[in-house]
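Q: Please take a close look at one single part of this structure. Start there, then show me how the rest is laid out around that part and beyond.

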Amino acid sequence: MKKLFLVLLSFLVFTNSAYAKLNVVATTTNLAAIASEVGGDLISLKTLARGDQDPHFMEPKPSFVAAVGQADLVIAVGLDLEIGWLPVLLTQSRNPKIQKGNAGYMESSEGIPALEIPTGGIDRSMGDVHPFGNPHYWLNPNNGIIIASTIAKKLGELDAAHADQYKANATKFEETLRAKIAGWNQEIASLRGQQIITYHKSFSYFMDWTGLKQGGYLEPKPGIPPNPSHLMELIDSVQKQKIPLIIAENYYDPKPGKELAEKTGAKYLILATSVGGDKGINNYFDLFDYLISKIKEAL
Amino acid sequence: MKKKYFMGLIIFSLLLNPFKSWGETKTDTKTIGPWTYQAPSQGAGKMLPDISVIGNMSGAYYSKDPTGETGDDPAKTGFNLTEIEVGLQSIIDPYFKGDVFLAFNTDSVGIEEGYITTLALPKGLQIRAGKFKLPFGRQNQKHSHTWSFADNPLVNKYLLGVEGLNEMGVEVSYLLPTPFFLQLQTTVTNGDNDADFSGARKKDLLYQTRLSTSVDVSTNSTLLVGGSAAWGDNSTGTGKLTSLYGGDMLLKWKPQSYRSVSWQTEYLFRKRNTPLATNNDQGFYSYVDYQFLKRWHAGLRYDEVGFLSDSISKEYRISPMLTFTPTEFSLLRLQYDDDKPTGADRVHAVFLQIQYSMGAHGAHNF
């Protein structure tokens with residue numbers, strides 16, 4: 001009986017200590033990077049997908065269930081990016097706070113001008129088309145400003161006592177980011193109008209910002225791996241249009257891009273698209289420093 | 001002329017608009033930073049439940065066709081429609097989620113599962129009520145289209161019955177507030193299982209419980225261990241008890257987004273009292289499922305089931321398989337079974353399984 005009491009007591013102590021800081025779970029490292037700028041020491045942060053993993057294809061691991069179960073706030077990318085795994089996590093977490101529609105759940109896509117929202121009917125013969133638009137919006141740093149302000153607003157709602165602090169942190173982040181963007185804008189001026197091939201539609205927002213032009217995708221359709229006939233077409237168009245660079249996200253099969261580069265003489269880069277996806281990308285700013293320097297080096 | 005052109009433009013835009021506003025019946029316009037944007041919001045169409053249809057069929061060759069009920073296994077040599085499952089799933093209100101799965105076979109329709117799950121209970125508690133696959137081990141909880149192989153492990157078929165433990169009742173589950181995953185599930189249901197639990201008296205309910213835990217052994221690997229037990233009266237006589245115990249383990253190594261190895265093993269033990277004797281039966285399966293490319297899986301399963309009280313009846317089976325998933329919505333699987341029941345003819349079987357999935361994108365369980 002005494003033992004049982006001690007066990008129960010330790011649970012109580014445990015759950016109480018969990019309330020000291022806001023427990024925030026971010027589905028991706030990019031959101032975590034921004035949330036940590038906004039939340040600072042006031043939040044305790046956990047991330048689900050690693051930076052080198054495809055956020056489309058995660059699994060609802062039990063350790064994720066445990067993390068979400070104790071969360072006060074879940075920050076998701078939204079636009080159906082996590083549709084294959086997050087809904088299961090939310091239900092299995094047995095946590096009423098973070099269910100969709102409740103205060104502890106947010107999608108940072110709120111307020112983001114989504115690209116590639118399909119008009120008219122869609123069906124799956126088109127591949128993995130996202131009906132609400134392309135979800136890779138964190139790759140335009142201007143969207144980072146919106147994400148930070150959305151997170152600050154949400155954190156302020158959940159922890160009103162520190163609302164001003166969150167807002168101040170977000171403003172500080174915005175200022176730093178704007179200064180960075182001004183610098184990057186000069187660096188990327190030379191990229192405008194250059195054509196590149198990418199594996200998936202992951203770079204649409206990055207290209208929208210930098211002015212890089214999409215010369216084609218290694219995937220014949222979103223979510224469908226490259227096949228020989230599609231590669232033949234790409235070889236032809238890369239040669240004809242003299243497309244200088246091929247990029248594959250670092251969680252995809254590196255071989256088709258390598259083959260295309262070898263056959264056409266184009267440069268080939270395997271790039272991380274998320275914070276933590278490669279060495280030295282430790283925060284949201286690093287991500288753009290990394291992408292811009294890698295691409296400029298290659299072009 | 002100008003007016004006509006203007007009218008034409010209005011008509012044209014009216015024609016286009018229904019398409020544009022599909023699923024965005026309300027739009028918000030805001031300005032943040034340099035951006036002016038329109039945020040799409042969800043329309044009334046989203047109030048419909050998510051509807052999914054999953055078809056599962058197999059071309060099969062058996063050197064000797066199976067006898068008796070086969071459940072979701074391919075039934076005979078030839079073409080088999082194993083099942084068409086229609087799933088209707090929705091958040092009901094802030095407090096409940098609803099799941100209904102209808103199973104269509106060539107000559108029958110049944111409710112495979114139909115349950116309501118709470119979303120708003122505090123302290124890691126959740127209640128589920130309705131007809132559902134009991135959380136006894138791992139295989140029993142799975143719908144046949146999520147199996148890694150074309151047929152059910154022998155031990156599940158023989159000890160839990162071809163339909164598995166799929167009963168009507170209530171589940172209370174508790175996710176303990178530990179830093180690692182630790183979950184307790186307890187169910188009380190009717191005993192409508194011919195194999196084990198079908199006591200005639202009103203009080204002959206089936207009681208079942210499962211404790212499972214999981215840790216991430218490394219950044220790339222996850223270990224999940226569970227233990228289950230169930231008790232209820234069988235139909236061999238009044239107050240004759242069946243006890244079931246099971247242990248299961250899954251080790252999954254996933255170094256990349258599209259490379260993984262899963263090793264799953266499950267052991268089951270059954271003690272069944274009858275008016276004449278007490279029968280002890282046991283068995284296990286163990287399989288490895290290796291995803292070697294984004295769309296390809298290869299696997300090998302070993303099955304063994306033995307009836308301890310009857311030493312002659314043992315059955316061993318070995319099954320290699322190769323699976324190709326063109327997308328998440330279609331699947332082709334080739335499998336071979338080498339089945340050796342002691343005291344009977346060895347059975348060879350080959351399956352070519354086809355699955356297709358339409359409608360809502362179902363999230364997968366771990």
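A: Start with B:Lys123, which has 13 C-beta neighbours inside 10 Å and therefore counts as partly exposed. The cut-offs behind that call are 20 or more neighbours for buried and 12 or fewer for exposed, so a residue with 13 falls in between. Keep in mind that this is a predicted model.

B:Lys123 sits in the loop that joins strand 6 and strand 7 of chain B. Its backbone is worth a look. Phi is near 60°, a positive value, and the residue is not a glycine. Strand 6 and strand 7 of chain B make a hairpin, with six residues between the two strands.

Now follow the strands on either side. Strand 6 of chain B covers residues 108-118, and strand 7 of chain B covers residues 125-133. They pair in the antiparallel sense, over four bridges. One link to find on screen is B:Ile116, whose bridge partner in strand 7 is B:Ala129.

Strand 7 of chain B also pairs with strand 8 of chain B, residues 166-175. That pairing is antiparallel too, and runs over nine bridges. Here B:Gln126 has B:Ser173 in strand 8 as its bridge partner.

Step back to the whole chain. Chain B has two helices and 18 strands. Of its 366 residues, 31% are buried. Take the contacts in chain B with a separation of 6 or more: 51% of them join residues 24 or more positions apart.

Strand 7 leads on to the other chain. In all, 42 residues of chain B are in contact with 44 residues of chain A. On the chain B side, strand 7 is one of the elements that give two or more residues, and others include helix 1 (2-20), strand 10 (205-216) and strand 11 (221-233). Strand 2 of chain B gives the largest share, four residues. By class, the chain B side has 23 nonpolar, 13 polar and six charged residues.

Cross over to chain A. Its domain assignment gives domain 1 (18-112 + 140-182) and domain 2 (192-298). The C-alpha centres of these two domains lie 28 Å apart. Each domain of chain A puts 16 residues into the contact between them. On the domain 1 side, helix 2 (29-39) and helix 5 (141-158) of chain A each supply at least two residues. That side of domain 1 has three nonpolar, nine polar and four charged residues.

Helix 10 of chain A, residues 284-298, is next. At 1.5 Å a residue, its 15 residues should span 21 Å, and the end C-alpha atoms are 22 Å apart, which agrees. Buried residues in helix 10 of chain A include A:Tyr284, A:Phe288, A:Leu291 and A:Ile295. Viewed down the axis, the buried residues of helix 10 of chain A fall within an arc of 160°, so they line one face of the helix. A:Ser293 and A:Glu297 are exposed, on the other side of helix 10. The buried residues of helix 10 pack against helix 2, helix 5, helix 6 (163-187), helix 7 (204-210) and strand 8 (267-271) of chain A.

One more helix brings us back to the theme of the opening. A:Leu234 lies in helix 8 of chain A, residues 228-241. It has 26 C-beta neighbours inside 10 Å and so counts as buried. Apart from neighbours within four places in sequence, A:Leu234 is in contact with A:Ile197, A:Gly216 and A:Leu260. A:Leu234 and A:Ile197 are 37 residues apart in sequence, and their C-alpha atoms are 8.8 Å apart.

The loop between helix 8 and strand 7 (245-249) of chain A holds A:Lys242. A:Lys242 is not a glycine, yet it has a positive phi of about 50°. With 12 C-beta neighbours inside 10 Å, A:Lys242 counts as exposed, whereas B:Lys123 counts as partly exposed.

Note on methods: Residues are numbered from 1 along each chain as its sequence is written. Chains are lettered from A and ligands numbered from 1 in the order in which they are written. This is a predicted model: local features need pLDDT of at least 70, side-chain atom pairs count only at pLDDT 80 or more; totals for chains, interfaces and linings use all residues. Two strands pair if DSSP finds at least two bridges between them. Two residues are in contact if their C-beta atoms, placed from the backbone, lie within 7 Å. Ala, Val, Leu, Ile, Met, Phe, Trp, Tyr, Cys and Pro count as nonpolar, Asp, Glu, Lys and Arg as charged, and the others, Gly among them, as polar. Domain bounds come from an automatic or database domain assignment. The expected span of a helix is 1.5 Å times one less than its number of residues. The arc is that of the directions from the helix axis to the C-beta atoms.
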